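Let us walk through this structure step by step. Keep the sequence and the 3D view open as you read.

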Amino acid sequence: MVKDITFGQYYPSKSALHNMDARMKLVLTFAMIVCIFLCHNFFSLGVMALFTVIAVIFSRVPVKMLLKSIKPVLVILIFTAVLNIFYTKGGETYFTLFNKISITEKGVNTAVFTMIRIVVLVVLSSLLTYTTTPTMLTDALERLLSPLKVFHIKVHTLAMMMTLALRFIPTLIEEIDRIMNAQKARGADLETGGLIKRAKALIPIFIPLMVSSFRRAYELAFAMTCRCYTGGDGRTRMKQMKLGYRDFIALLICLISLAGIIVLNRFFIKII
Amino acid sequence: MSVPIELRDVSHFYSPGTAMQVAAIKNISLTIEEGEFVGIIGHTGSGKSTLISHFNGLLKPSKGTVLVDGEDISQSKEVLRAARFKVGLCFQYPEAQLFEETVAKDIAFGPKNMKLPEDEIARRVAEAAKYVGLRPEMLDKSPFDLSGGEKRRAAIAGVMAMEPKVLVLDEPAAGLDPRGKKEIHELIRNYRSRTGSTVVLVSHSMEDIANLADRVIVMNHGEIAMNGTVDEVFSHASDLQTMGLNVPEITRVFTALHDKGFDVPPNIYSVKEGVRILRALLEGGVG
């Protein structure tokens, strides 16, 4: 039921990727995603694919888990492939139907290219969430955005809000489950009826949920105040983030990949 | 007369088919008879709540059948829906279910779902409010303006207003002060004596069960460990303690006296009874 929704799909392990500094991981993932869009032919895209495969091996995340993360985008994947095959024209024509629908070399190339691109994109970004806990991620984000303090943006407060929001997702799911059961026991019908009727049926669930969320928020704020929490100013960290040799090796690999992509882009014809 | 609730060899697994499969309840067979007051006790995690969620079909058994009024509730949606109204389930901390603008409207939520006529709903709301001791002027208040104990009672009234054949209450007095607890127990007793309906009370407090129920079902690790009258179950006080249940103080005193060789029954669970026996013992000139 509702409990089956997984969030922050962290996969606990002690791989090289898990042990990397979350800041470096975040920056590099972002950079490599940009790199995917720099690739203009299959050779440079091949470098990206190779990079992804190496990253997967180092993460020790089972391939099954990664396939699970591709599943939701499968529809988009097929949709873009089909569109590209039929709507991109150029090069040799392989197949024509009624003089209208035709499949060309360029169409097939583009379709395959975009598909690989999307898969690499999804795998890379899910690797980040598989190997980094949500708390580590928000922490890293806080550190990376800390220069924004110059513009009087409360980066710490925003990060804390994000951490708390993530922390309360499972709690709220449990709460919804409980309230749903209580209302079902009073004969609430959540399964049948049209759209409006179903939306109305949610009122008995969302009002109690709101009420308890506000109560929780007050209690939490109170508990934090009691422990002298006053926001980010002067606050030190228990877990200091430190760049290690792993992070520099990862950076080096990424730079080599980038160089490879640029070189291969130059020496082979652009197909996209 | 058909049996209100009957479970035949019911098991329920959480996360079935995975490595984390856990049997919450195992091979449970039991019947709840018409007009009975049954107490279900067990320590935290013994499967009490899972068990009662089967009574009205909120959970489907992984194995076995649940019969309400003699009908298998898994046979059709209609039977299941009917079972929801025949077995009124009131969960722990039921005040979390309050949502309407006024207390009266909230109590009417169940009867409204039963598609009853307006005047019948109004009658039931008034009746249920009376059972739980909510004054008429409170019915027009917002449920969120009530005190903790009043909220609890309003929520219980919401289940009572469906006039279920069987009322199932899961720890109705949890988290209340002694006075609130007493009030809740009092209203359950009142409700039962006035309507004569079947009541199932879930608790981990032996004292509460002993004072209210006729029959006790003891749950331990998802199985029925004992099933019998209050007297029968209390005569196994030491077994209950090994199951992590708190036996009333007075029972512990009497069990100890019994073990020391005094001529007293070991299964005493009310202070009044205890005093009577001790007095008789002293006047009899023992010791």
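Start in chain A, at A:Arg60. This residue lies in the loop between α2 (42-59) and α3 (63-70) of chain A. Remember as you look that the model is predicted. Is A:Arg60 buried or exposed? Its relative accessibility is 55%, so it counts as exposed. The cut-off for exposed is over 50%. The backbone here also deserves a look. Most residues other than glycine have a negative phi. A:Arg60 is not a glycine, yet its phi is positive, at about 60°.

B:Asp9 is not a glycine, and it has a positive phi of about 50°. Where is B:Asp9 found? It sits in strand β1 (residues 5-14) of chain B. At 36% relative accessibility, B:Asp9 counts as partly exposed.

Go back to chain A and find A:Ile101. It belongs to strand β2 (residues 101-104) of chain A. Its relative accessibility is 39%, so A:Ile101 counts as partly exposed. Now look for A:Pro134. In sequence, A:Ile101 and A:Pro134 are 33 residues apart. In space, their C-alpha atoms are 47 Å apart.

Next, step back and look at chain A in terms of domains. The domain assignment gives domain 1 (2-144 + 241-267) and domain 2 (169-226). Domain 1 is written as two stretches of sequence, 2-144 and 241-267. How far apart do the C-alpha centres of the two domains lie? The separation between the centres of domain 1 and domain 2 of chain A is 37 Å.

Which element gives the largest share? That is α7(A), with 9 residues.

Find A:Arg167 and A:Phe168. The charged end of A:Arg167 sits over the ring of A:Phe168. The distance to the ring centre is 4.8 Å.

Rings can also pair with other rings. A search of the whole structure finds 4 aromatic pairs over all chains. One of them is formed by B:Phe99 and B:Phe109, with ring centres 5.0 Å apart. The planes of B:Phe99 and B:Phe109 meet at 85°, so the pair is edge-to-face. The cut-off for that label is over 60 degrees. B:Phe99 lies in the loop between β6 (87-90) and α3 (103-107) of chain B, and B:Phe109 is in helix α4 (residues 109-113) of chain B, so the pair ties together parts 10 residues apart in sequence. Are these two residues buried or exposed? B:Phe99 has 6% relative accessibility and counts as buried. B:Phe109, at 11%, also counts as buried.

Another pair joins B:Tyr131 and B:Tyr191. Their ring centres are 5.3 Å apart and their planes are at 90°, so this pair is edge-to-face. B:Tyr131 is in helix α5 (residues 118-131) of chain B, and B:Tyr191 is in helix α7 (residues 178-195) of chain B. The pair links distant parts of the chain, 60 residues apart. Both B:Tyr131 and B:Tyr191 are buried.

B:Lys60 is in the loop between α1 (48-55) and β4 (63-68) of chain B. Its relative accessibility is 63%, so B:Lys60 counts as exposed. B:Lys86 is 26 residues away along the chain, and the two C-alpha atoms are separated by 17 Å. The other stop is B:Ala280, in helix α12 (residues 271-283) of chain B. At 45% relative accessibility, B:Ala280 counts as partly exposed. B:Ala280 and B:Leu51 are 229 residues apart along the chain, and their C-alpha atoms are separated by 43 Å.

Note on methods: Residues are numbered from 1 along each chain as its sequence is written. Chains are lettered from A and ligands numbered from 1 in the order in which they are written. This is a predicted model: local features need pLDDT of at least 70, side-chain atom pairs count only at pLDDT 80 or more; totals for chains, interfaces and linings use all residues. Side-chain values use heavy atoms; hydrogens and water are left out. Rings of Phe, Tyr and Trp (its six-membered ring) pair if their centres lie within 6.5 Å; planes under 30 degrees apart count as stacked, over 60 as edge-to-face and the rest as tilted. Helices (H or I, at least four residues) and strands (E, at least two) are DSSP runs, numbered from the N terminus. Buried means under 20% relative accessible area, exposed over 50%, partly exposed in between (1.4 Å probe, protein chains only). A charge sits over a ring if NZ of Lys or CZ of Arg is within 6 Å of the ring centre and within 35 degrees of the ring normal. Domain bounds come from an automatic or database domain assignment.
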